[in-house]
Amino acid sequence: MRIDVVSIFPEYFEPLRLSLLGRAIADGTLQLSVHDLRDWTTDRHRTVDDTPLGGGAGMVMKPDVWGRALEDVLGGHESTAAGARPGRRVLAIPTPAGTPLTQRLVEDLAAADHLVIACGRYEGIDARVAEHFARHIEVVEYSIGDYVLNGGEAAALVLVEAVGRLQEGVLGNPESLAEESHGAAGLLEYPVYTRPVSWQGLTVPDVLLSGHHARIARWRRDRALERTAHRRPDMFTRLRGDQLTWEDREVLARLGWARTPAGPRRLVLREGRAEEAAALSRLAAETFPMACPERMPAEDIEAFIRANLSPGRFSDYLGDGDRYLILVADLAGDLAGYTLSVLPRTVDEPPYAEDVAAVVPIRPVAELSKIYVRASAHGSGVSQALLDATLDALARRTVLGVPLAGVWLGTNARNRRARAFYERAGFTLVGGRRFQVGGRVEDDAVFLRALVAPPS
Ligand code: JA5
């Protein structure tokens, strides 16, 4: 690839002759020429600027000088090998008003045969220069970020380095291209470490010394997701669904990002509010039937909803914070799921059902009575994040000063998906119980999980 740079400060580009790029220039892999714009002036003072028409501060670069310079530089060298197709020529002009320079644009420009970079100074180059050359060749006005520079030179250095390192034979190890930030993964890079293992009281994460490749890969992926969520939330909106595994989705949901069929949405896990009784009742009525056995009569389901999941009942739950804990998954302002936990009023209050008390020996113990997530949010990591947040909140709760020792729940014995979900969250099957919905008696599996209060 051939690159020509035109500037009133050609010395600015000397650092490009260092390191990997310097070697590529020296051995001809990259043909770099830097030109002084003033070589195309015709007056005694070598003038390149004039006052802005229409008024205003500063000076504007003259189109005639730039026209002659670019005409020469673009046409002066054959950008075509003898007998070959005409090369692809691109005129790149750095300007804070340009399109953002991304790795995608860099990759595109790196495929050109001849790149000419025109560096402005003062208030910029007369707009007709870009307009005129766009009649003949590709013109890209680009920006390297939302900040102000005194001229285009620094942005030209950036472009030469970004494009140059993609030329074949410039990089020592082309494999490192695939893994880096802004590569195909669409995520920022994970943090990296080397020896010494302990430095300034900081130690390298154990997992990196474990030799366990799958765990190392998972750890790195989690850190990349975490960094991207915190530093570049905008990048998530551009991530495609097929770039995320189920594990990724769970990690992201915990970081406050849920992947929905409609795209990524902010996820907030918080306590339900008094004014949300009606919305919670609607959500409950929508989600409860999904958790019921298939053969259960619709009348029984409706009766249960009327008795236990009405707006009035939710008002009761929300108004009695000593007895009930309602956590909601707030997905960009919409309720996507909730948990209802029942807390004991005294330290030794047993679970209300005798068959449960028999297999749940620890006290004080809470019941995770409901965890429902709207079907459209299934697979987005919301359920996992909601359960995590609930277990976290319960672990912080005390009953008359005594931390909760555990939480139990009953789930339909034949719902294998639910059982696997609870087992993954640290619950253990401890027994069974009978559960009445309307006129029917259902078999429930009883699960128990210990809670550990976090250090205060
Ligand atoms: C200033 C005459 O993207 C940051 C940039 C700032 C800046 C650029 S690119 N070009 C110029 C310039 O000033 O040409």
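**Exercise 1. Find the strand that holds T260, then work out whether T260 is buried or exposed and what lies around it.**

Step 1: T260 sits in strand β10, residues 257-260. Strands here are DSSP runs of E with at least two residues, and helices are runs of H or I with at least four, both numbered from the N terminus.

Step 2: This is a predicted model, where local features need pLDDT of at least 70, side-chain atom pairs count only at pLDDT 80 or more, and totals for chains, interfaces and linings use all residues. Residues are numbered from 1 along each chain as its sequence is written, and side-chain values use heavy atoms, with hydrogens and water left out.

Step 3: T260 has 14% relative accessibility, so T260 counts as buried. The cut-offs are under 20% relative accessible area for buried, over 50% for exposed and partly exposed in between, with a 1.4 Å probe and protein chains only.

Step 4: Leaving out residues up to four places away in sequence, T260 touches R265 and L331; contact means heavy atoms within 4.5 Å. A polar atom of the T260 side chain also lies 2.7 Å from the backbone oxygen of G263.

Step 5: Now look further along the chain. A377 is 117 residues from T260 in sequence, yet their C-alpha atoms are 6.1 Å apart.

**Exercise 2. Describe how helices α3 and α5 pack.**

Step 1: Pick out α3 (residues 103-110) and α5 (residues 153-164); their axes are 9 Å apart, at an angle of about 70°. Axes are lines fitted to C-alpha atoms, for helices over the stretch in contact, and angles run from 0 to 180 degrees between N-to-C directions.

Step 2: That angle makes α3 roughly perpendicular to α5. Under 35 degrees is roughly parallel, over 145 roughly antiparallel, 65 to 115 roughly perpendicular, and the rest oblique.

Step 3: On the α3 side you'll find V106, L109 and A110, which meet L159, A162 and V163 in α5. Sorted by type, that gives six nonpolar, no polar and no charged residues. Here Ala, Val, Leu, Ile, Met, Phe, Trp, Tyr, Cys and Pro are nonpolar, Asp, Glu, Lys and Arg are charged, and the others, Gly among them, are polar.

Definitions and conventions
A polar contact is a pair of N or O atoms within 3.5 Å; within protein, one must be able to donate a hydrogen and the other to accept it, and residues adjacent in sequence count only if both atoms are side-chain atoms.
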